[in-house]
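Reader: I would like to go through this model with a few questions on its geometry. Please show the sequence and structure before we start.

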Amino acid sequence: ATDIMSGSGPEAPQPSDAEEARLQEAEQDWAAAKAFYDNLVSKKPRPPKPQHAITVAVSSRALFDLVEERRIYEEQGVEKYVEYQQNNENVTLKPGPAFYFVKALEHVNARLLELYPDDEERFDIVLMTNNHAQVGVRLINSINHYGLTIERFCMTGGKSPIGYLTAYLTNLYLSADSEKVQEAIEAGIASATMFTANKDVPYSDTQLRVAFDGDAVLFSDESEQIVKEQGLDRFFEHEQLNENKPLAQGPLKGFLEDLGKLQKKFYAKNERLNCPIRTFLVTARSAASSGARVLKTLRSWGLEIDEALFLAGAPKGPILVKIRPHIFFDDQMFHVEGAQKLGTIAAHVPYGIAQKYQKSA
């Protein structure tokens with residue numbers, strides 16, 4: 001460095017006039033290409049930038065029913081699977097467990113674009129799959145058949161998608177693969193394993209309805225640990241003593257927060273009564289003995305939940321039938337299976353102490 005400073009060494013190369021002009025030209029080309037692309041897609045909203053969007057990553061087996069294809073993959077291997085998908089690329093895939101949830105997200109986006117045409121704070125759905133690119137045509141054909149707006153695809157060809165989830169600033173990841181979901185939860189990404197309902201029930205197509213369990217889903221598993229290790233009486237005592245101390249956050253708190261932010265955008269336009277998002281807390285807690293802490297925690301976070309149902313240990317399935325959520329998040333497979341049997345699409349959140357007490361999903 002001293003040689004250069006003193007002028008005795010070689011000088012840093014200066015761009016020539018020709019090079020300067022070339023750089024300027026490249027810059028203009030880029031601007032022209034962008035303007036051309038912007039004009040091309042002007043009728044269709046561009047996907048929002050990940051830092052503004054609420055990114056929901058969905059696997060192909062969560063979005064579509066790929067049970068038969070999965071069987072071919074497991075019994076005959078990847079080559080036969082890819083061949084089957086290519087031979088059937090004009091055969092539309094049937095909806096999977098996350099399909100109606102994704103449709104409801106898109107309805108919310110359409111309403112947001114009417115009210116805030118230039119705002120990018122809306123859902124961006126990314127198809128995150130470890131499928132090989134050769135399978136992409138069938139997925140694209142099926143997405144177009146249903147008129148879904150999924151512009152971003154990430155096809156990892158057998159590799160784990162977790163790194164991409166982080167790069168896309170993913171707010172929620174839904175997959176049918178419990179191991180990948182576990183990996184994502186450990187990486188700090190809100191995730192759940194999707195399960196198809198055992199019965200067909202109609203879902204609202206004008207309102208996104210999302211139901212959350214409380215402990216180990218919206219909140220940490222601190223209270224659940226006391227139930228498991230010291231019993232229910234000690235838990236009631238602990239919750240009443242700590243009524244004014246907010247619970248720590250759980251893995252889905254951020255997603256409830258995202259829904260709340262979007263709800264406020266509708267309220268700001270006087271659309272509270274016609275809001276296309278409704279949230280539910282469906283908890284096995286009993287209201288009198290342990291409900292106050294939950295409600296005070298939500299209040300301390302500045303979050304509103306539309307409906308709170310304290311079931312005091314009663315099964316959740318019958319209540320969920322009445323709510324008809326597009327998705328219900330719970331950390332206990334027992335509740336997921338109960339919901340599933342009665343026709344609710346349930347998602348298992350593998351977080352907290354309950355995982356030690358249940359068979360793996």
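**Loop, domains and a helix pair**

Author: The model is predicted. V201 sits in the loop that links strand 5 (191-195) and strand 6 (208-212).

Reader: Is V201 buried, exposed or partly exposed?

Author: Buried requires under 20% relative accessible area and exposed requires over 50%. The relative accessibility of V201 is 23%, so V201 is partly exposed.

Reader: What distance separates the C-alpha atoms of V201 and I345?

Author: V201 and I345 are 144 residues apart along the chain. Their C-alpha atoms are separated by 9.6 Å.

Reader: What area is buried between domain 1 and domain 2?

Author: Domain 1 covers 50-194 and domain 2 covers 208-359, and their centres, taken over C-alpha atoms, are 25 Å apart. Each side is represented in the contact, with 27 residues from domain 1 and 27 residues from domain 2. Carbon and sulfur atoms give 72% of the buried area, which is about 2300 Å².

Reader: At what angle do helix 6 and helix 12 pack?

Author: Two packed helices are described by the angle between their axes and the distance between the axes. For helix 6 (residues 99-115) and helix 12 (residues 253-268), the axes lie 10 Å apart and the angle is about 35 degrees.

Reader: Which crossing does helix 6 make with helix 12, and how many residues of the contact are charged?

Author: Helix 6 passes helix 12 in a left-handed crossing. Helix 6 contributes F101, V108, R111, L112 and L115 to the contact, and helix 12 contributes F255, L262, K265 and F266. By class, seven of these residues are nonpolar, none is polar, and the charged ones number two.

Terms used
Residues numbered from 1 in each chain as written. Predicted model: local features only at pLDDT ≥ 70, side-chain atom pairs only at ≥ 80, totals over all residues. Heavy atoms only, no water. Axes fitted to C-alpha atoms, helices over the stretch in contact; angles between N-to-C directions. Helix = DSSP H or I, 4+ residues; strand = E, 2+ residues; numbered from the N terminus. Left-handed = near helix turned anticlockwise from the far one by under 90°. Contact = heavy atoms within 4.5 Å. Nonpolar A, V, L, I, M, F, W, Y, C, P; charged D, E, K, R; others polar. Buried < 20%, exposed > 50% of the residue type's maximum accessible area, 1.4 Å probe, protein only. Domains from an automatic or database assignment. Buried area = accessible area lost by both parts, 1.4 Å probe.
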